[in-house]
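Please read these notes with the structure open beside you. They cover the ligand site and then some helix packing.

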Amino acid sequence: MVPHFCIRLADSNIRDTEASLLALGTEDREVTLLEKLLLTPGLSRKDVTTLILDMLFAGIDTTSHSMAFTLYLLARHPEAQAKLQEEVDGVLRGHEGPLTERHLAQLTYLKAVIKESLRIFPLVVGVARTLDKDLILDDYLIPKGWSMLGINMLTGWDERFFPRVKEFVPERWLRHKPLGPIHPYASLPFGAGTRMCIGRRLAEQEMYIFLTRVMERFTVEYKYEDIEIVTKLVNTPSRPLRFNLIERS
Ligand code: HEM
């Protein structure tokens, strides 16, 4: 159940945004995400509140912990970090101003880095489903009505699906798949099917932009004990994120 104060918080933000929409209008300016939702025909106030609460509960720790794990892996693998910086420098070439779709489309190594990070440190335990019909799996009958959980860390950390499973190898995700083809269900950090993560594209964009900007300006170092994954509601880094950000010349 959603705590009452969260609903009140979302509600007061919506009211403020409605007031600013009335006062400022939308001409000659980019509208915010909340404004866009409020202006969408067919979405009720309740729908907008639900969307905002979904974002707060499902969209903050997931994305930020994913970036924490990714920075940690890059700090521990300077050769991968240097390769990523080279890609970012080549794509941005001193570009000032917001990143565009054109930039993001060219950042293939960056996307591979994020996929590999989500394979090693998946943020969500797995994909849970209740069976709507009997299922035979490896000669076992699993009856209709039973709940099943596909565990991300079991498949993502299985050498049969990922050669050199313990290593951080972003290259495995590149189009030509240098380590062999990857089973489409072996790593499902965002789930699958009709109930897959609704925020996937938003999360990916946030992560692409964040990581590009960090790599553009800094080299990330981490000099402390290994960080592991701790399973909570969402998986979490086991230690504080004591990164050094060294400004690039
Ligand atoms: C790295 C970031 C994220 C990861 C790894 C992630 C992962 C997941 C996973 C595994 C599921 C379950 C999918 C399934 O059962 O098939 C899920 C569901 C969901 N996610 Fe995300 N998520 C992320 C970011 C976000 C963001 C940014 C939002 C919102 C803005 C969001 C909103 C949701 C919602 C509302 C659901 C439930 C969907 C449903 O039940 O139909 N997530 N997410």
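1. The iron atom of the ligand has C197 as its only protein donor, through atom SG at 2.3 Å. C197 is in the loop that runs between helix 8 (152-156) and helix 9 (200-217). Keep in mind that this is a predicted model.

2. Which residues come nearest to the ligand? There are 23 residues around the ligand, and M55, R129, A192, R195 and C197 come nearest.

3. A polar side-chain atom of R195 lies 2.6 Å from an oxygen atom of the ligand. The backbone also takes part: a backbone N or O atom of A192 lies 3.1 Å from an oxygen atom of the ligand, and a backbone N or O atom of A58 lies 3.4 Å from a nitrogen atom of the ligand.

4. Now the helices. Helix 4 (residues 61-76) packs with helix 5 (residues 78-92) at an angle of about 110°, and their axes are 5 Å apart. Angles of 65 to 115 degrees count as roughly perpendicular, so helix 4 and helix 5 are roughly perpendicular to each other.

5. What meets what between helix 4 and helix 5? On the helix 4 side are L74, A75 and R76, and on the helix 5 side are P78, A80, Q81 and L84. The residues of this contact divide into 5 nonpolar, 1 polar and 1 charged.

6. Helix 5 also packs with helix 7 (residues 108-120), at an angle of about 145° and with axes 8 Å apart. Here A80, K83, L84, E87 and V88 in helix 5 meet T108, Y109, L110 and V113 in helix 7. The contact of helix 5 with helix 7 has 6 nonpolar, 1 polar and 2 charged residues.

Notes. Residues are numbered from 1 along each chain as its sequence is written. This is a predicted model: local features need pLDDT of at least 70, side-chain atom pairs count only at pLDDT 80 or more; totals for chains, interfaces and linings use all residues. Side-chain values use heavy atoms; hydrogens and water are left out. Axes are lines fitted to C-alpha atoms, for helices over the stretch in contact, and angles run from 0 to 180 degrees between N-to-C directions. Helices (H or I, at least four residues) and strands (E, at least two) are DSSP runs, numbered from the N terminus. Angles under 35 degrees count as roughly parallel, over 145 as roughly antiparallel, 65 to 115 as roughly perpendicular and the rest as oblique. Contact means heavy atoms within 4.5 Å. Ala, Val, Leu, Ile, Met, Phe, Trp, Tyr, Cys and Pro count as nonpolar, Asp, Glu, Lys and Arg as charged, and the others, Gly among them, as polar. A residue is near a molecule or strand if one of its heavy atoms lies within 4 Å of it. A polar contact is a pair of N or O atoms within 3.5 Å; within protein, one must be able to donate a hydrogen and the other to accept it, and residues adjacent in sequence count only if both atoms are side-chain atoms. Donors are N, O and S atoms within 2.8 Å of the metal (3.2 Å for Na, K and Ca); water is not among the atoms, so sites may look incomplete.
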